[in-house]
Amino acid sequence: MKVENTQVQMRKGILEFCILEIIARGEVYASDMLEELTQARMIVVEGTLYPLLTRLKNAGLLDYTWKESSSGPPRKYYTLTAVGQDFLHELRLTWEEIEDSLQIIRNKPQGLAPAPPAAYPPPTPAPSSDEDALI
């Protein structure tokens, strides 16, 4: 097993979250997103970003507008919809839970076994009819 494969999977798992965080700051052009994700070492290529943007748009999380560009054809600028803002809010809460969980795991002293689950008291056996006669 290669650590690089796991690292790639971890990045892929939070890519959607990162894209929504970038767009939440205001309208953004896809190439600018790509540049920011690359600078953040998310290692994203256009072939990954554009299908993901389309999927998020089709899910109602994003919207876009076309704007004229002084350096070429019109550009598509993305913004979050109200549904996208709510979705991002839920992802932020989930991320906080994940961070908290990881801290709990990482901060546990070595050598301590996890506490056993709470045991239920053993059931009390029902007396037999012969024992009832003796009491």
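# Exercises on a predicted helix-and-strand model

Read along the sequence, the chain follows the pattern α-β-α-α-β-β-α-α. The model is a predicted one, and the exercises below work through its parts step by step.

## Exercise 1: The chain as a whole

**Task.** Find how many helices and strands the chain has, and what percentage of its residues count as buried.

**Solution.** Begin with the secondary structure, which comes to 5 helices and 3 strands. Next, take the burial of the chain, where 21% of the 135 residues count as buried. Finally, turn to the contacts with a separation of 6 or more, of which 49% are accounted for by residues 24 or more positions apart.

## Exercise 2: Helix H1

**Task.** Describe the span of helix H1, state where H1 bends, and list the buried residues of H1 together with what covers them.

**Solution.** First, helix H1 covers residues 3–24, which makes 22 residues, and from its first C-alpha to its last it reaches 32 Å, close to the 32 Å expected at 1.5 Å a residue. Second, H1 has a bend of about 45 degrees, and the place of this bend is Ile-14. Third, the buried residues of H1 are Leu-15, Phe-17, Cys-18, Ile-19, Leu-20, Ile-22 and Ile-23.

## Exercise 3: Just after H1

**Task.** Say what phi Gly-26 takes, and decide whether Arg-25 is buried or exposed.

**Solution.** Arg-25 lies in the loop between H1 and E1. Its relative accessible area is 57%, and because exposed means over 50%, Arg-25 is exposed. Although Arg-25 and Thr-79 are 54 residues apart along the chain, their C-alpha atoms are separated by 8.7 Å. Gly-26, which also comes just after H1, takes a positive phi of about 140 degrees.

## Exercise 4: H1 against H2 and H3

**Task.** Work out how H1 is oriented to H2 and to H3, and name residues that make the contacts with H2 and with H3.

**Solution.** Two packed helices are described by the angle between their axes and the distance between the axes. For H1 and H3, the axes come within 11 Å and cross at roughly 75 degrees. Angles of 65 to 115 degrees count as roughly perpendicular, and H1 and H3 are therefore roughly perpendicular to each other. On the H1 side the contact is made by Leu-15, Glu-16, Ile-19, Leu-20 and Ile-23, and on the H3 side by Thr-48, Leu-49, Leu-52, Leu-53, Arg-55 and Leu-56.

For H1 and H2, the axes come within 11 Å and cross at roughly 120 degrees, so that these two helices are oblique to each other. The crossing in which H1 passes H2 is right-handed. Here Leu-15, Cys-18, Ile-19, Ile-22 and Ile-23 of H1 meet Met-33, Glu-36 and Leu-37 of H2.

## Exercise 5: Thr-81 and Leu-91

**Task.** Classify Thr-81 and Leu-91 by accessibility, and list the contacts of Thr-81 and of Leu-91, leaving aside neighbours within four places in sequence.

**Solution.** Thr-81 is in the loop between E3 and H4. Since buried means under 20% relative accessible area, Thr-81 counts as buried at 19%. Apart from neighbours within four places in sequence, Thr-81 is in contact with Gly-60, Leu-61, Leu-62 and Asp-63.

Leu-91 belongs to helix H4, and with a relative accessible area of 24%, Leu-91 is partly exposed. With neighbours within four places again left aside, Leu-91 is in contact with Phe-17 and Leu-20. The C-alpha atom of Leu-91 is separated by 9.8 Å from that of Glu-21, which is 70 residues apart from Leu-91 along the chain.

Methods:
Residues numbered from 1 in each chain as written. Predicted model: local features only at pLDDT ≥ 70, side-chain atom pairs only at ≥ 80, totals over all residues. Heavy atoms only, no water. Helix = DSSP H or I, 4+ residues; strand = E, 2+ residues; numbered from the N terminus. Expected span 1.5 Å × (residues − 1). Bend = angle between axes of the 7 residues up to and from the residue. Buried < 20%, exposed > 50% of the residue type's maximum accessible area, 1.4 Å probe, protein only. Contact = heavy atoms within 4.5 Å. Axes fitted to C-alpha atoms, helices over the stretch in contact; angles between N-to-C directions. Parallel < 35°, antiparallel > 145°, perpendicular 65-115°, else oblique. Left-handed = near helix turned anticlockwise from the far one by under 90°.
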